[in-house]
Amino acid sequence: MATQHSRAAGRLMLSPAVILLLGWMLIPLSLTVYFSFLRYNLLMPGMEEWTGFLNYRFFLTDPAFFDAIRNTLLLVGGVLLITTIGGTLLAMLLDQPMWGQGIVRILVIAPFFVMPTVSALVWKNMFMNPVNGLFAHLAKGIGLEPLDFLAHAPLFSIVMIVSWQWLPFATLILLTALQSLDTEQLEAAEMDGASPLCRFFFIVLPHLARAITVVILIQTIFLLSVFAEILVTTNGGPGTATTNLTFLVYAQSLLQFDVGAASAGGVVAIILANIVAIFLMRMIGKNLER
Amino acid sequence: MGTRFAATLASAFLASTALAQAQTITIATVNNGDMIRMQALSEHFTDANPGIELDWVVLEENILRQRVTTDIATRGGQYDVMTIGTYEVPIWGGQDWLVSLNDLPADYDVDDIIPAIRAGLTVDGELYAAPFYGESSMVMYRTDLMEAAGLEMPEAPTWDFIAEAARAMTDRDNEIYGICLRGKAGWGENMAFLTATANSFGARWFDENWQPQFDSEAWATTLNFYLDLMEDAGPPGSSGNGFNENLALFQTGKCGMWIDATVAASFVTNPTDSTVADHVGFALAPDNGLGPRGNWLWAWSLAVPAGTQNAEAAKAFIAWATSKEYLELVAENEGWSNVPPGTRMSLYENPNYAEVPFAQITLDSINSADPTNPTVDPVPYVGVQFVAIPEFQGLATAVGQQFAAALAGQVSAEQALQSAQTLAVREMTRAGYID
Amino acid sequence: MARAVTPQRRAVNTAAAWTIALLIFFPILWTILTSFKTEAEAIASPPSFLFFDWTLENYVTVNERSDYFLHFMNSVVISLGSTLIGLAIAIPAAWSMAFVPGRRTKDVLLWMLSTKMLPPVGVLIPIYLIFRDLNLLDTRIGLIIVLTLINLPIIIWMLYTYFKEIPVDILEAARMDGASLRSEILYVLTPMAVPGIASTMLLNVILAWNEAFWTLNLTAADAAPLTAFIAGFSSPEGLFYARLSAASTMAIAPILILGWFSQKQLVRGLTFGAVK
């Protein structure tokens, strides 16, 4: 269908993006791969030497490594589950006619505007603190023992904080998608006596499929590198309960300034992230090809 | 031709920046109260030195540390004056990354700097940073609660007394916890406190051959003492509490005692922020009859990175900000209790300053810490609550996570110490200290 | 667009939506309220919701201590600059992928996304060295370049999915009518994709506004945006919640206001859903 001419034009228009991203990827990535084979600590200049796979062995045998993978997956999975389901429901609600729709929408989107460090500080100190936090006051108000969230449910707490930040993103994308839904189709289905549940599963959900795919993929990318929230609330602990891969790389790169090990960790992280991405594409990639 | 053009452009650019920046110095500093005050008072410096302009970069401690370390190690050249601590100075000074301050003018009176602090900032006879304020740690306690418990705090308490008092003061129904201590994982958080405490129990990080010592009896005693005490008399959520969290607890009247930085004294006695300002007493950090007390030593200091174009202007600024005159300037503007503490002997000889309730105890605490000989047994490293080697930040944070897990009740003390030992052996082997 | 609903139904919707929205917004509301308290009241227990001595002291302190306007302008320039440049590169790319897909289009898309997966903290040192050599440290242009590149895959992706929703027939009809490629994109595609482009743009501005790793680590005094401004008020020794709340309120206020306006823009652009 597409002509030869438009094909050429298509390639031409794609090329700036491809070239820029190629440069952005190749230059730091090749430097990172190079550094990952060096013994290179920023704080000990002049001692750089080739060490082969030593950095990789060091990073992969870190006692926290497997915990970090598990925590990364749980964090990504948990937040995705909460935000896509919550976001779909919320988008459908916000799509309904109501008074003050504009204000409601901006209120819902607002958490996305808050810097991660700030939201983590606010949640940690003003809500989850077991002595002075609002949750503790609520619990005491109804006669319960306040829960020490960050000590006894650390990963769960971080999932909640991160979900709060990303729910608006999911809602916004899904809401925009909902608005291109053909309302006549819905009304026709309603006339034919289709139940609301039926209408949701056979009309709304298929229509949202691609938007949901976008939400999942884009969020996955950001969630894999969640970091500020962990640093502020638990510093990766207690133990390794909230250490994710990014935090492990951080410890190597900005605490140890061990560029070699940090680069090896970065390479490992990008490989694992791509495995997750390919896995995701297999699962939901169909939605992109309609 | 392209390269020549670029070269011309670059040299033109360099020339113009050199000219424009000849007298503008960029100062990177921490957002703590004393530095904020320095920034506010810096007009006095620029008025006296019309040729020098100041650009300020004020950041939170962790971010500041990663910024300045990255910049100095890569020779990024973004700053002319850096605020660093006693941890960085020995490492950076040893790499020749800092400009020596031995040539400060005579009226600066370098001999007036408190010897313990000056020693921590000197490498091979070169002073590499000038102390802006110094701190140690001490016991802060509620005089009213202590009295109600029928106890009296000695000037130099033992750990046994602290434990007894903490348990006696605890009243969980009224949300009064006998003792608040750091628990949040981090080399500058729980590990600063625990390392200093371990010194007083005779424990050390490494023996003279850099063998990690977490499998020693002394560490087991330290950790078990800490965990039991926090279990019986600590607030809930301790494993997330750092300096600021404990400060908030103490100021709202939830803590009977708090062992932390001496600078906290001015916060807890300040009636606008603290509900318990009238009932705070101070004592030296506890000991265990072995000699060393459980207090640390830290000084936020100003240093000039090697390679800066503006070394002279930077030195002039440092000489002003850490001078005796600056202390008087602060006293004039903000009162004696807001003067940056712990840097100069003359301050403590000043009768006006002696009236500040925490003046003497701060000096005594600073003087009782010895960075070169921190614990009972000899050690190969410098530092009281840290070990001044580049590997320490990452290692101590990982170890701190283990201890926080033990405090949260997720692992036992033995497991935490075992993991700590494994981590330390692994890290020290990688870094080549041990085989 | 307006679907006929009974007033009762509308009332139920309104009540449900407002309840949820207020719950979600509450932490921010709490931050804003805290910014008007004194430091002592900010940690008071039990906390007071509205009945405290309202004070502007924190805002005064924050403004005395730092140059809000400089940081604000840096944030505006950096986030708008990177968004506009990003869109200029992404719209043609997304057009080409959506309407002239080749065999490898899906692979190219996946690859573009994968460039975002390298954890920034792992590549800080290489980038810092490159920036130092190019004299880009602490410059707005340096940050615009970085933020454009890190957000480009996201922009392309989102635009691609929006473009895919547009019926190809319309574009072909335009082509039949003799529209050039340029006018096809400018006058047919773009207007139809306005809601998609608008929400992509809004999201990208937000992402750039809040980006707190590169903006902190590649700047010093001159190009530091609001993220650095916030980092100057977070976690000093001493109480800081009220001042941090004031600084945070000042940092998010501009983007909240922008969001409020673009919200209207979004809703207006929606009528185009009828195009089908």
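How many residues of domain 1 of chain B are in contact with residues of domain 2 of chain B, and how many does domain 2 give?

A: In this predicted model, 10 residues of domain 1 of chain B are in contact with 14 residues of domain 2 of chain B, where contact means that C-beta atoms, placed from the backbone, lie within 7 Å. On the domain 1 side, the residues that touch domain 2 divide into seven nonpolar, two polar and one charged (Ala, Val, Leu, Ile, Met, Phe, Trp, Tyr, Cys and Pro count as nonpolar, Asp, Glu, Lys and Arg as charged, and the others, Gly among them, as polar). Because the model is predicted, local features need pLDDT of at least 70 and side-chain atom pairs count only at pLDDT 80 or more, whereas totals for chains, interfaces and linings use all residues. Residues are numbered from 1 along each chain as its sequence is written, while chains are lettered from A and ligands numbered from 1 in the order in which they are written.

Both domains of chain B are built from two segments, domain 1 from 2-135 + 298-359 and domain 2 from 136-296 + 375-430, with bounds that come from an automatic or database domain assignment. Taken over C-alpha atoms, the centres of domain 1 and domain 2 of chain B are separated by 30 Å.

Helix H18 (residues 392-407) and helix H19 (residues 413-430) of chain B pack with their axes 9 Å apart, at an angle of about 170 degrees; helices (H or I, at least four residues) and strands (E, at least two) are DSSP runs numbered from the N terminus, and axes are lines fitted to C-alpha atoms, for helices over the stretch in contact, with angles from 0 to 180 degrees between N-to-C directions. By class, the contact of H18(B) with H19(B) has 11 nonpolar, two polar and one charged residues.

Sequence neighbours within four places aside, C:Ala94 is in contact with C:Ile156, C:Leu159, C:Tyr160 and C:Phe163. C:Trp95, in helix H4 (residues 68-99) of chain C, is buried, with 24 other C-beta atoms within 10 Å (20 or more make a residue buried, 12 or fewer exposed, and anything in between partly exposed). Again leaving aside neighbours within four places, C:Trp95 is in contact with A:Met13, C:Phe163, C:Ile185 and C:Leu189. C:Trp95 and C:Phe163 are 68 residues apart along the chain, with 6.9 Å between their C-alpha atoms.

Chain C is met by both of the other chains discussed here. The contact between chains B and C takes 30 residues from chain B and 27 residues from chain C, and the elements giving two or more residues to the chain B side are helix H2 (33-41), strand E2 (53-59), helix H4 (61-73) and helix H11 (243-251). That side of chain B has 13 nonpolar, 12 polar and five charged residues.

Towards chain A, 86 residues of chain A are in contact with 85 residues of chain C. Helix H1 (residues 4-36) of chain A supplies the largest share of the chain A side, 18 residues, and that side divides into 61 nonpolar, 21 polar and four charged residues. The axes of helix H5 (residues 116-128) of chain A and helix H1 (residues 7-34) of chain C come within 11 Å and cross at roughly 85 degrees. H5(A) and H1(C) are therefore roughly perpendicular to each other. Here A:Val122, A:Trp123, A:Met126 and A:Phe127 meet C:Pro27, C:Trp30 and C:Thr31, a set that divides into six nonpolar, one polar and no charged residues.

Notes:
Angles under 35 degrees count as roughly parallel, over 145 as roughly antiparallel, 65 to 115 as roughly perpendicular and the rest as oblique. Two residues are in contact if their C-beta atoms, placed from the backbone, lie within 7 Å.
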